[in-house]
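Look over the sequence and the fold, then read on.

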Amino acid sequence: MSSISVSHGSGPDALAQALAQQHVIILVDVLRASSTIVTALANGASQIIPVTTVEEARERIYHFPNGFLAGERAAHPPAGFDYGNSPRSFLTDRIRGRPIILTTSNFTRTLGTPPETATILVGAFLNIEHVATTARTLAKKLQQPVSVISAGSIRGYAAEDDFTSHHIISRLQFPDDPPSYADLGDISRELLVSHHGTILVQAGYKDDIRFCAQTNRYNLTPILRNGAFISYSSAFNS
Ligand code: MLT
């Protein structure tokens, strides 16, 4: 039986409510921002700085001379950006020790600019067990419930985020049970048939979906600290 309280919501309003109640928040945008942030930190990026607009990203990069610009609009990298939002493009040593300014259509818009005191983690299949364990630890330490928030889409609901969120919730509530998530093929299929999955396939990013469907590739949880996502273990072991 779970000893922590867990709830689920979708989009900016649900996030605002969870923030107001000081919940431990797991923000989920499995295709692809959550998966990209986890992958970039796991491959040595020093921090991921989320910003809402392309213009803001272009301005912020001047404060980070060794940084990279990354993100997407309509699935593709904005003009002049170093990287898009394909998690596979961060499987490179080039980003080691370097900050990345990230702007995406839904994740960074849903995130907005939360208060400095907020506890916001990033969840995906790539780090499902690690993020669930980290959230449980923080919930017990802070004596707060956990809210798993699907970033959603401009249309509101995003089936692939809810699918991922529900598997994360199951790991939060029943950590000692065998995982409820299916194998790589089943998760891939579920992500592929989602509305955003079909858009990514049409845009030529089908391989990203298979990549994002991997479970526990990384033992790492991004946490927002001073406006940037860093690895939870580096935040608390330094
Ligand atoms: C988003 O934040 O809207 C997404 O991650 C979009 C994408 O890159 O597929």
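Strands β2 (residues 24-28) and β6 run parallel and are joined by 5 bridges. The model is a predicted one.

Strand β6 covers residues 119-123 and is mostly covered, with 5 of its 5 residues buried. Which residues of β6 point one way, and which the other way? Thr119, Leu121 and Gly123 point one way. Ile120 and Val122 point the other way. Both sets are buried.

**The nonpolar core**

The largest nonpolar core holds 69 residues, and Ile26, Ala135 and Cys212 touch the most other members. Helix α5 (residues 128-142) gives this core its largest share, 6 residues.

Leaving out residues up to four places away in sequence, Ile26 touches Leu121, Gly123, Val131, Ala135, Val146, Val148, Ile149 and Ile168. Two of these contacts, Leu121 and Gly123, point one way from β6, together with Thr119. Another, Ala135, is itself named with Ile26 among the residues that touch the most other core members.

**Around the ligand**

The shell around the ligand is formed by Asp29, Leu31, Arg32, Ala33, Glu72, Ala75, Asn85, Thr104, Ser105, Asn106, Phe107 and Leu200. What is the make-up of this shell by residue class? The table gives the division.

| Class of residue | Number in the shell |
|---|---|
| Nonpolar | 5 residues |
| Polar | 4 residues |

**Arg109**

Arg109 lies in helix α4, which spans residues 107-111. Is Arg109 buried, exposed or partly exposed, and why? Arg109 has 18 other C-beta atoms within 10 Å, so it is partly exposed. A residue needs 20 or more such atoms to count as buried. In sequence, Arg109 and Val30 are 79 residues apart. In space, their C-alpha atoms are 15 Å apart.

**The chain as a whole**

The chain has 10 helices and 9 strands. Its radius of gyration is 16 Å, close to the 18 Å that the globule rule gives for 238 residues, so the chain is as compact as a globular protein of that length. The C-alpha trace spans about 50 × 40 × 35 Å along its principal axes. Of the 238 residues, 50% count as buried. Among contacts with a separation of 6 or more, 77% link residues 24 or more positions apart.

How values were computed:
Residues numbered from 1 in each chain as written. Predicted model: local features only at pLDDT ≥ 70, side-chain atom pairs only at ≥ 80, totals over all residues. Core = buried A, V, L, I, M, F, W, Y, C linked by C-beta atoms within 7 Å. Buried ≥ 20, exposed ≤ 12 C-beta atoms within 10 Å, placed from the backbone. Helix = DSSP H or I, 4+ residues; strand = E, 2+ residues; numbered from the N terminus. Contact = placed C-beta atoms within 7 Å. Near = placed C-beta within 6 Å. Nonpolar A, V, L, I, M, F, W, Y, C, P; charged D, E, K, R; others polar. Pairing = 2+ DSSP bridges. Rg over C-alpha atoms; globule rule 2.2 N^0.38 Å.
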